[in-house]
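Me: Let's go through this model together. I will ask, you answer briefly.

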Amino acid sequence: MVEDIRNLTLQELEKNFQAQGVAPYRARQVYAWLYKKGIEDFSLMTNLPQDVKALLGKYYAIFSPAVEKVLTSSDLTQKFLLRLKDGTLIESVSIPASSRLTVCLSTQVGCRYCCAFCASGRLGFRRHLEVSEILGQFLTVAKNVPDGRISNVVFMGVGEPLDNYDHLLRAIRILNDENGVRLGARKMTVSTCGLSNRIVSLSREGLQLELSVSLHAATNEKRSQLLPVNKRFPLETLMPALRLYAQATKRKITFEYVLLRGFNTTVEDAQALVALIRGLNARVNLIPYNSADSRLGFEPPVKLEVLFFKSYLEKHGVDVTLRMPRGADIAAACGQLVWKTADSRCTNY
Ligand code: SAH
């Protein structure tokens, strides 16, 4: 099968072109069509000579995801259910906020990490997304939002981004490339359930990516109940990896902490969290659980729990923000929409 051209970095395309007798600057022109103009048809790349267009058509293709469904929330968050070339479904979300437009991208079809409260794990793991499929989401959302200007990307959709490390990094480099989308590394956030070894690798990439860690509990005992991955990478390996990342990139680490009613909102939970992150350049993002699907057995926190937890952290000098769930009415949390259309079980991690 012909390869999707959006799997290739600019350097690879230049190399291929050179081998095929095409001047390398043509690769930059193709890139501009693909990523600056969002063109999905080689025949529309009008500054390319006919023979280059023919060569592109012979060796490459562009498989854009088909928009299966778009749901718009009352807060203008939009969820895109996208169908890939093999028929599988993935989700992307666009989240407008004053001067920003953030898009949340998926990195895998399903997920193998089975976090207890997350719908994505229930999808089971099907496969990694290709580079072109990660980028295809970005470009498809860009085409479908009012002025097309996406200011931020968060890899927080379905899947574990660091489990699909190579494709993720290639997609990031293409988004970052000045000939591509030209999105600053600081405008991209990678969210992870805590794959310590990959966090160490990421610290060596020379990219100032924002890193978000789904913590959700600050003791191994509780965290392992929520995130089975904590048994493999307990806090003793996660925290040093994060210190290394913060040091290497000079970025603040964000800890995501989903507040689950009666589970991780006690004074002991707050104390453990304060102690765990002391001395690290970090912020905590509290997220009331989004329970659009009751099958997972958790409930959103009551208001008092949220207020208590937040003020405890503040009093102890933690940089804390409270993120109100966006798009709750359209099942915008991770994997919820796909899960509504499927009904598979969590494959044990
Ligand atoms: N695998 C990555 C990215 C995908 S999940 C990770 O674990 O970070 C993105 C974020 O959404 C994570 O912080 C996850 O814990 C959170 N999340 C999943 N389901 C949620 C829900 N129902 N309500 C609130 N947050 C949820």
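Me: Which strands each supply at least two residues of the shell around the ligand?

Reply: The model is predicted: local features need pLDDT of at least 70, side-chain atom pairs count only at pLDDT 80 or more, and totals for chains, interfaces and linings use all residues. Residues are numbered from 1 along each chain as its sequence is written, and side-chain values use heavy atoms, leaving out hydrogens and water. Strands are DSSP runs (E, at least two residues), numbered from the N terminus. The two strands are β10 (188-192) and β12 (253-259).

Me: How many residues surround the ligand, and which are the closest?

Reply: A residue counts as near if one of its heavy atoms lies within 4 Å of the molecule. The shell has 19 residues, the closest being E160, S191, S214, H216 and N290.

Me: What is the distance from the polar side-chain atom of H216 to an oxygen atom of the ligand?

Reply: Polar contacts are pairs of N or O atoms within 3.5 Å. E160 places a polar side-chain atom 2.9 Å from a ligand nitrogen atom. For H216 and a ligand oxygen atom, the value is 2.7 Å.

Me: How much of the ligand does the protein bury?

Reply: Areas come from the Shrake-Rupley method with a 1.4 Å probe. Alone, the ligand exposes 540 Å², and the protein buries 93% of that.

Me: Is K79 buried or exposed, and which side chain does K79 contact?

Reply: K79 lies in strand β4 (residues 78-83). K79 has a relative accessible area of 0%, so it is buried (under 20%; exposed is over 50%). At 2.8 Å, its side chain makes a polar contact with that of E91.

Terms used
A polar contact is a pair of N or O atoms within 3.5 Å; within protein, one must be able to donate a hydrogen and the other to accept it, and residues adjacent in sequence count only if both atoms are side-chain atoms. Helices (H or I, at least four residues) and strands (E, at least two) are DSSP runs, numbered from the N terminus. Buried means under 20% relative accessible area, exposed over 50%, partly exposed in between (1.4 Å probe, protein chains only).
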